[in-house]
Amino acid sequence: KSISLDITKAAQFLSEGTVKAYEPAVKAAREALENGSCPGNDFLGWLHLPSEITPDFLKEIQDCAEVLRKNCEVVVVAGIGGSYLGARAVIEALSNSFAWLVNDDRKNPNILFAGNNIGEDYLAELSEYLKNKKFGVINISKSGTTTETALTFRLLKKQCEAQRGKEEAKKVIVAVTDACKGAARAAADKEGYKTFVIPDNVGGRFSVLTPVGLLPIACAGFDIEALVKGAADMEKSCGTDVPFEENPAAVYAAVRNGLYAKAGKKIEIMVNYQPKLHFISEWWKQLFGESEGKDNKGIFPASCDFTTDLHSMGQWIQEGERTIYETVISIEKTAKTMLFPEDEENLDGLNFLAGKRVDEVNKMAELGTRLAHVDGGVPNIRISVPELNEYYLGQLIYFFEVACGMSGLILGVNPFNQPGVEAYKKNMFALLDKPGYEADSKAIKERLAK
Ligand code: PA5
């Protein structure tokens, strides 16, 4: 079994043959990725990563995760952007929705995420929560210098050392960073932390299948072998030798470019009907947003959680500006079964649902919404996932990664850089008087004083 793609309700918004007409461009893009002849070709390490990961490497990650699992009630993952979203997406998709409350048996440590914001309350409250808890830290930063993460790590390191003593703390602090560069590497080497390397040729948003994602996912108790196997199988399904129509990533890349260029659809809304998928959309938004949004081009990646957001964004989607399309991730089979009970009094008038599964109602909501939105002028792409487990999430991750690479190349941008991310950092450092930014500090302060 495999995840599958249905574009019929999107292709109907394009003139006949439009999607197929992208075949040569998609093929060229896929081959350029393979040959390394595309812009950003020094960041193609993700392309064959799933099939290149060895059992020994997975074992090293699992062993490290085991040490953290044994010694920690809580593991805090410090990271931002590509050094954060993939791990959170997979862990939340696979975890009990109430993991916080039901984790009393301590089979798995609670995994918390920090270093992805500079909220003083957030950090103070995290510190309060960690007080007197046995916690460990995974510090993830490819550059090793990202402010949000570095600042958080300094706080966590001090607290961990204060609570456990410096020597014990070393056993539960792990760094995932560059092989030689950056402050995170320097600190890890000096302190003697266990480290994992983020390969030079894998950019942050494509790094979930490196230790960046795999270590936190293993710590949470999930099967990283199955995750990688799913990705490796999808790598085969999206290879250069697979015919266009049979390659889901090629078709997805083609249809979204068609909708953008030929039908004026500038916004893609990633939709789910399972709250656990919220962070899959967050990860996807970064993947496509940072890869395609440049040179004044690119589809704006947005997301909604349905049916929740049908009661907030539903009106806009149904009748607002017709510049949107939807991509729905639909989970075929839920993990749990729950039936609606019969009620003698039927005060709520819901006896027509008695004996039905909750998921049947959800699926009808999905189908009804699809029909309504398509009738309202919103093209609909549907990605069907047989069930929520590590294997299919691995497939989904690789499918989106390779589709993103192809899609960006068809759009005519370098999908593997992110020059725009630097602008805010430069201003922030200038405002904070960071050494080395003296001229920028002077200029920005003069500008603000005007
Ligand atoms: O995709 C990217 O490159 C970014 O989102 C980075 O992952 C993010 O800025 C964090 O960078 P770093 O891992 O260097 O701390």
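Residues are numbered from 1 along each chain as its sequence is written. Because the model is predicted, local features are reported only at a pLDDT of at least 70 and side-chain atom pairs only at pLDDT 80 or more, whereas totals for chains, interfaces and linings use all residues. Here pLDDT is the predictor's confidence in each residue, on a scale from 0 to 100. The chain averages a pLDDT of 96, and 99% of the residues score at least 70. For the complex, the predictor gives an ipTM of 0.98 and a pTM of 0.96.

The overall dimensions come first. The C-alpha trace of the chain spans about 60 × 60 × 55 Å along its principal axes. The secondary structure comprises 20 helices and 10 strands, where helices (H or I, at least four residues) and strands (E, at least two) are DSSP runs numbered from the N terminus.

Burial is counted from C-beta atoms placed from the backbone: a residue is buried if 20 or more other C-beta atoms lie within 10 Å of its own, exposed if 12 or fewer, and partly exposed in between. By this criterion, 43% of the 450 residues are buried. Two residues are in contact if their C-beta atoms, likewise placed from the backbone, lie within 7 Å. Of the contacts between residues at least 6 apart in sequence, 79% join residues at least 24 apart.

Helix α14 (residues 248–263) has 16 residues and reaches 21 Å from its first C-alpha to its last, close to the 22 Å expected at 1.5 Å a residue; the expected span is 1.5 Å times one less than the number of residues. Since 13 of its 16 residues are buried, α14 is largely enclosed by the rest of the structure. Just after α14, G264 takes a positive phi of about 65°.

In helix α13 (residues 224–237), the end C-alpha atoms are 20 Å apart, in agreement with the 20 Å that its 14 residues should span. The buried residues of α13 are I224, L227, V228, G230, A231, M234 and E235. They cover an arc of only 155° around the axis, so they lie on the same side of α13; the arc is that of the directions from the helix axis to the C-beta atoms. Among the elements covering these buried residues are α5 (55–71), α12 (211–219) and α18 (390–411). K236, also in α13, is exposed, with 12 other C-beta atoms within 10 Å.

UniProt, in an unreviewed entry, lists E290 and K425 under "active site"; its positions are given in the numbering used here, feature names are shortened, and annotations may be inferred rather than shown by experiment. E290 lies in helix α15 (residues 278–292) and is buried, with 24 other C-beta atoms within 10 Å. Leaving aside neighbours within four places in sequence, E290 is in contact with R205 and Q418. K425, in helix α19 (residues 422–431), is partly exposed because 13 other C-beta atoms lie within 10 Å.
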